[in-house]
Amino acid sequence: MNTNDDGKRARVGFGLLACAATLALGGCSLPLPQAESDPTRYYLLAATSAGTPSTEAANAPAIHLRPVELANYIRSRPMIVRRGENEVEFRDYARWGEPLEQGIARVLREELLARGAASAVQTTGARAAMAGYDFELSVRVLASEGAANGAVDFRARWELTTVSDKERVVASGDFRPKDLRWDPKNDATLAAALSKAVGGLAAEIAAGLPKK
């Protein structure tokens, strides 16, 4: 038997026992794993029109905004960056703070009211309760993303119909702005650019609204 090895094992065992005893007394500290901060950031769309509605808003039509429809691939919470004709990136650390369809509906409502284009915009409720509204607005968003080269792709089809048993289309459009840009290294700039896109969509809808 090697007495040197036995001695080493005894010293190691004694050291471990001593440290355990010291830990029990609160006098020995071992490094604890550091909690890592969550890198995820959350973003919201924001209305770009400022100010209060003009006095003409009282005479503007009332609108029922149906639930905004989204293309299936943009129903996710992560922001989307297109990297090619057939490739998209879902940015797990850059997420929408609310479902995108709800954010678009909220901003459309705020924009139409701020522009004085509508006297009221109802976003919820059953069809039977809409006797006091003049038009129904349907919006389907086909694209809402940034491109890796800094372009912004937003496309929405909208349709304005009368509120009656026999619906009649009074205005419609296919909105797709071409001049929006963002910084691919700054996700907040994509949220800002898409906010401008929804503001532009509201402006097109406002221009198509018939007057009372």
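Which residues of the largest nonpolar core touch the most other members?

1. Core centre. The two residues are L112 and V139, in a core of 47 residues. The model is a predicted one, and the values below are computed from it.

2. Core make-up. Several elements give two or more residues each to this core: the strands β2 (62-65), β4 (78-84), β5 (87-96), β7 (135-147), β8 (152-162) and β9 (169-175), together with the helices α2 (100-114) and α3 (187-208). The element that gives the most is α3, with 10 residues. In soluble globular proteins, nonpolar side chains tend to be buried together.

3. Surroundings of L112. Leaving aside residues up to four places away in sequence, L112 touches I63, A117, A118, V121, L137, A202, I205 and A206.

4. Overall layout. The chain has three helices and nine strands. Along the sequence they follow the pattern α-β-β-β-β-β-α-β-β-β-β-α. Of the contacts with a separation of 6 or more, 68% join residues 24 or more positions apart.

5. Burial and surface. The chain has 212 residues, and 36% of them are buried.

6. Aromatic pair. The structure has one such pair. F154 and F175 form it in an edge-to-face arrangement, with 6.5 Å from centre to centre and 65° between the planes. Because F154 lies in strand β8 and F175 in strand β9, the pair ties together parts that are 21 residues apart in sequence. Both F154 and F175 are buried.

Terms used. Residues are numbered from 1 along each chain as its sequence is written. This is a predicted model: local features need pLDDT of at least 70, side-chain atom pairs count only at pLDDT 80 or more; totals for chains, interfaces and linings use all residues. Side-chain values use heavy atoms; hydrogens and water are left out. A nonpolar core is a set of buried Ala, Val, Leu, Ile, Met, Phe, Trp, Tyr and Cys residues joined through side-chain atoms within 4.5 Å. Buried means under 20% relative accessible area, exposed over 50%, partly exposed in between (1.4 Å probe, protein chains only). Helices (H or I, at least four residues) and strands (E, at least two) are DSSP runs, numbered from the N terminus. Contact means heavy atoms within 4.5 Å. Rings of Phe, Tyr and Trp (its six-membered ring) pair if their centres lie within 6.5 Å; planes under 30 degrees apart count as stacked, over 60 as edge-to-face and the rest as tilted.
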